[in-house]
Amino acid sequence: MWPTLAQAQYYPPPLSYSNAQLTGKDFSGQVLQSAEFSNANLQLTNFTDADLRGAIFSYSTLTKANLHGANLTYAMADLVDFTNADLTDGVFVETIMLGSTFDGVDITDADFTDALLDGAQIRKLCQQATGVNSKTGVATRYSLGCR
């Protein structure tokens, strides 16, 4: 058996919710590592304490979504609309978030260590950055490089 075929049985393909209408869905506490949510409508969706490491959210709408305590380490969240989303106590370590909108978000206790953000985004988020992440122990202001 070819090595790649042998590995496929141990590593199933990621879940794909790309281009889906998932308004108000409840994914709280679920393991969704490497799931694909690109170009999806995720308004009012609940991702509380979800494991979203390596997930892809490119071009998605997450307005008023709940990502409290979610882990998005290594995720792709570029060009995402996070307007009025709850990002409290979330882990966004090394997450790509370029071009995303953060109007009205709550980032209390969130960890953005080594996340890729535009300079304007960082300045805006630093105006409200407070707290320390409960999982990583990193202060939100420190993780954003606020001065």
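Before you click on anything, one definition: buried means under 20% relative accessible area, exposed means over 50%, and partly exposed is what lies in between, using a 1.4 Å probe and protein chains only. What you have open is a predicted model, where local features need pLDDT of at least 70 and side-chain atom pairs count only at pLDDT 80 or more, while totals for chains, interfaces and linings use all residues. Residues are numbered from 1 along each chain as its sequence is written, and side-chain values use heavy atoms, with hydrogens and water left out.

**Stop 1: Gly-99**

Select Gly-99. At 35% relative accessibility, Gly-99 counts as partly exposed. You'll find Gly-99 in the loop between α1 and α2; helices here are DSSP runs (H or I, at least four residues), as are strands (E, at least two), numbered from the N terminus. Now show what surrounds Gly-99, taking contact to mean heavy atoms within 4.5 Å. Not counting residues up to four places away in sequence, Gly-99 touches Leu-79, Asp-118 and Gln-121. For a distance check, pick the C-alpha atoms of Gly-99 and Ala-115: they are separated by 13 Å, with the two residues 16 apart along the chain.

**Stop 2**

Hop from Gly-99 to its contact Leu-79. Leu-79 lies in the loop between α1 and α2 too, and counts as partly exposed because its relative accessibility is 39%. Most residues other than glycine have a negative phi.

Next, select Asn-39. Here phi is near 55°, again a positive value in a residue other than glycine. Asn-39 is in the loop between α1 (3-8) and α2 (119-126), and its 45% relative accessibility makes it partly exposed.

**Stop 3: Ser-18**

Select Ser-18, another residue in the loop between α1 and α2. With 25% relative accessibility, Ser-18 counts as partly exposed. What does Ser-18 touch, not counting residues up to four places away in sequence? Glu-36, Phe-37 and Ser-38. Draw the link to Ser-38: a polar contact of 2.9 Å joins the two side chains. A polar contact is a pair of N or O atoms within 3.5 Å; within protein, one must be able to donate a hydrogen and the other to accept it, and residues adjacent in sequence count only if both atoms are side-chain atoms.

**Stop 4: the nonpolar core**

Phe-37, which Ser-18 touches, leads us inside. A nonpolar core is a set of buried Ala, Val, Leu, Ile, Met, Phe, Trp, Tyr and Cys residues joined through side-chain atoms within 4.5 Å. The largest one holds 38 residues, and Phe-37, Phe-47, Leu-52, Phe-57 and Phe-82 touch the most other members. In soluble globular proteins, nonpolar side chains tend to be buried together.

Zoom in on Phe-47. Beyond residues up to four places away in sequence, Phe-47 has contacts including Phe-27, Leu-32, Phe-37, Leu-42, Leu-52, Phe-57 and Leu-62. Asn-66 and His-68 are also among the residues that Phe-47 touches.

**Stop 5: Asp-89**

From His-68, move to Asp-89, which has His-68 among its contacts. Asp-89 sits in the loop between α1 and α2, and is buried because its relative accessibility is 10%. Leaving aside neighbours within four places in sequence, the contacts of Asp-89 also include Gly-69, Thr-108, Asp-109, Ala-110 and Lys-135.

**Stop 6: helix α2**

Colour α2 by accessibility. Gln-121, Leu-125 and Cys-126 are buried. They lie on the same side of α2 because they cover an arc of only 130° around the axis, the arc being that of the directions from the helix axis to the C-beta atoms. On the other side of α2, Ala-120 and Arg-123 are exposed. What do the buried residues of α2 pack against? Helix α3.

**Stop 7**

Show the sulfur atoms of Cys-126 and Cys-146, which form a disulfide at 2.0 Å; a disulfide is a pair of cysteine sulfur atoms within 2.5 Å. The pair links distant parts of the chain, 20 residues apart: Cys-126 in helix α2 and Cys-146 in the segment after α3 (140-144). The link is left-handed, with -90° about the S-S bond. Cys-126 is buried at 14% relative accessibility, and Cys-146 is buried at 17%.

Finish at Ser-143 in helix α3. Ser-143 counts as buried, at 10% relative accessibility, and its side chain reaches the backbone oxygen of Thr-140 at 2.8 Å.
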